[in-house]
Amino acid sequence: MKPVVLINKYVESYLVNELKSYGYSYSASKIRFRKNIDKKILGIDFWRSKWNKEDVLSEFWIDCGINSTYYSKWVFDRYGIKKVNDNILGIQCHTIKGWDKTGMNRIHRYNLVSDNPDQLMNIIKNNFLNILVPFLENYTSWKRAADTILKQAKFKQEYIKASDFYILSDLPEKGFEPLLIAKEYLMKKIEEDPHPNFYKWIDEIDMRLKINYNVN
């Protein structure tokens, strides 16, 4: 069986109905799930290895992300900043806390040409239902997304988005402090490494402080 057909077969057997109950639609041609909610698109994508070969290798890995053309337009209309893309979040699923990596190879890929593909798909299904779906649910509303960023963001420049999301949630008072925290963090980073991005993010923070909170 051709790798793309094999992957589709198992995804449809183990995951489609499960994720449908959470509001996700499935595209067999692209092997991906999508959920539209609160002007955002939650996505789960299966990427296939270019080295796949029938009955030899049927390798894939899984990414997830959140996109919003609405947010990109809002940022441009409010601040005059044109975002590079509509991405809010993009992550390789195996890096999510709690992900069971059983069955993955050393480069974190799955291969359905294995001794027990059903066992492998059960592991993936459990990861989806217990880890991935709850993870993405944290971003279903703007407020939940902002709260999640403040709790989980590895880099504090992400707080800039959290501040925006609070404004989109009609909670502007909650968006002020994250900007101050992010600015202080970036000022310290500049002392260590004056990277141009740090200055760009500080400019974006200052713009938000002025427009949203009348702080010069």
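**Exercise 1.** Over the face of which residue does Arg208 lie, and at what distance from the ring centre?

*Solution.* The model examined here is predicted.
Step 1. Arg208 is placed over the face of Tyr79.
Step 2. The distance to the ring centre is 4.3 Å.
Step 3. Arg208 also belongs to a network, in which salt bridges with shared partners join it to Asp164, Lys200 and Glu204.

**Exercise 2.** Identify the salt-bridge partner of Arg34 and explain what the pair ties together.

*Solution.* 
Step 1. The structure contains 14 salt bridges. One of them joins Arg34 to Asp45, with 3.1 Å between the closest N and O atoms.
Step 2. Arg34 is found in strand β2 (residues 32–37) and Asp45 in strand β3 (residues 40–48), so the pair ties together parts that are eleven residues apart in sequence.
Step 3. Asp45 has a relative accessible area of 13%. The cut-off for buried is under 20%, and Asp45 is therefore buried.

**Exercise 3.** Determine which helices are tied together by the salt bridge between Lys183 and Asp206.

*Solution.* 
Step 1. In this salt bridge, the closest N and O atoms of Lys183 and Asp206 are 2.7 Å apart.
Step 2. Lys183 belongs to helix α6 (residues 176–192) and Asp206 to helix α7 (residues 196–213), so parts 23 residues apart in sequence are tied together.
Step 3. Lys183 is partly exposed at 26% relative accessible area, and Asp206 is partly exposed at 29%.

**Exercise 4.** Describe the aromatic pair of Phe33 and Phe46, and then the pair of Phe46 and Phe60.

*Solution.* 
Step 1. There are 16 aromatic pairs in the structure. Among them, Phe33 and Phe46 form a tilted pair, 6.4 Å centre to centre and with 55 degrees between the planes.
Step 2. Phe33 in strand β2 and Phe46 in strand β3 are 13 residues apart. Phe33 is buried at 0% relative accessible area, and Phe46 is buried at 3%.
Step 3. The ring centres of Phe46 and Phe60 are 5.6 Å apart and the planes stand at 40 degrees, so this pair is tilted.
Step 4. Phe46 lies in strand β3 and Phe60 in strand β4 (residues 59–67), so the pair ties together parts 14 residues apart in sequence.
Step 5. Phe33, Phe46 and Phe60 belong to one aromatic cluster with Tyr26, Trp99, Tyr110 and Phe128.

Terms used
Residues numbered from 1 in each chain as written. Predicted model: local features only at pLDDT ≥ 70, side-chain atom pairs only at ≥ 80, totals over all residues. Heavy atoms only, no water. Salt bridge = Lys/Arg side-chain N within 4 Å of Asp/Glu carboxyl O. Helix = DSSP H or I, 4+ residues; strand = E, 2+ residues; numbered from the N terminus. Buried < 20%, exposed > 50% of the residue type's maximum accessible area, 1.4 Å probe, protein only. Phe/Tyr/Trp six-rings, centres within 6.5 Å; stacked < 30°, edge-to-face > 60°. Lys NZ or Arg CZ within 6 Å of the ring centre and 35° of its normal.
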